[in-house]
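Q: I would like a close look at one part of this model. Please take the pockets and what surrounds them.
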Amino acid sequence: MDRVSGDIRRQRLEQQIRFIVEVDKVKNIFRQTYLSDGQRKENDAEHSWHLALAAVLLKEHMEEEADLTKVMVMVLIHDLVEIDAGDTYAYDAAGALTKRDREVKAADRIFGLLPEDQGAYFRALWDEFEAYETPDAKFAHLLDNFQPLLLNDASDGKSWTEHGVHKSQVCRRNERIPETSEIVWEKMLEIMEKHIERGHLKAD
């Protein structure tokens, strides 16, 4: 290794380490969704790990072919912006008004910590996720939306009950799921109906 290439590699390593240490903060960003046992709320790191694992299992149910490795990286990084921007609850209308601006600013800073090529790669994946247009982004969004619903089901609708969530809100948030996976959408509807009957989710 010559001196110049060695200096470049050391600089890249320092940038990568800085990013790795910085994103540890995502473990302190707590969401409104409870763990399956209902004892506490999950954090963003737990959420992202869960999505990556679910991606491996649920790929077979997607209507379009998706790149599994790409989707796994996408879901692992999609909430890193919340280190700066904070978690905006899915049904927080007021928070949604400023969410985009807060998250773009966070993406600029956080992905900017990396070497240019890796930062550009992560930022492109984050932008693709946000755009919600490609089969990979659609799969990632399905995972991001299906997992909280499964945890609400397992925790007896605890988060829905606390926030007074309506079925119409859940359906609006998930309106594109049927085009991504019809069988997953059917399961989501089944879960919603069960919790309407139990009084955890408002029927309108």
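Which residues line the second largest pocket?

A: The model is a predicted one. In it, the second largest pocket is lined by Val23, Asp24, Val26, Lys27, Asp44, Ala45, Ser48, Trp49, Leu76, Asp79 and Leu80. The space in this pocket comes to about 150 Å³. Helix α2 contributes the most to the lining, with four residues. Sorted by class, the lining has six nonpolar residues, one polar residue and four charged residues.

Helix α2 covers residues 44–58, and Leu53 lies in it. Trp49, one of the lining residues of the second largest pocket, also belongs to a nonpolar surface patch together with Leu53, Val56 and Leu57. The accessible area of these four together is about 410 Å². Leu53 counts as partly exposed because its relative accessibility is 41%.

For context, the largest pocket has a volume of about 900 Å³. Its lining has 32 residues, and those closest to the centre are Thr88, Ala90, Lys99, Asn145 and Arg173. Helix α7 supplies the largest share of that lining, six residues. By class, the lining of the largest pocket divides into ten nonpolar, ten polar and twelve charged residues.

Helix α7 (residues 135–154) also gives the largest share of the lining of the largest cavity, three residues. That cavity has a volume of about 40 Å³, and the structure holds one cavity of 30 Å³ or more. The residues lining the largest cavity are Met62, Glu63, Glu64, Ala66, Pro135, Lys138, Phe139 and Thr180; four are nonpolar, one is polar and three are charged.

Key:
Residues are numbered from 1 along each chain as its sequence is written. This is a predicted model: local features need pLDDT of at least 70, side-chain atom pairs count only at pLDDT 80 or more; totals for chains, interfaces and linings use all residues. Side-chain values use heavy atoms; hydrogens and water are left out. Patches are made of residues with over 30% relative accessible area and no salt bridge: like charges are joined within 9 Å, nonpolar side chains (Val, Leu, Ile, Met, Phe, Trp, Tyr) within 5 Å. Accessible areas come from the Shrake-Rupley method with a 1.4 Å probe; for residues, only the protein chains shown count as cover. A salt bridge is a side-chain nitrogen of Lys or Arg within 4 Å of a carboxyl oxygen of Asp or Glu. Helices (H or I, at least four residues) and strands (E, at least two) are DSSP runs, numbered from the N terminus. Buried means under 20% relative accessible area, exposed over 50%, partly exposed in between (1.4 Å probe, protein chains only). On a 1 Å grid over the protein atoms alone, a cavity is a set of points where a 1.4 Å probe fits but cannot get out, and a pocket is an open set with protein on both sides within 12 Å along at least five of seven lines; lining residues have an atom within 4 Å of a point. Grid points are joined across faces, edges and corners, and a volume is the space filled by probe spheres set on the points. Ala, Val, Leu, Ile, Met, Phe, Trp, Tyr, Cys and Pro count as nonpolar, Asp, Glu, Lys and Arg as charged, and the others, Gly among them, as polar.
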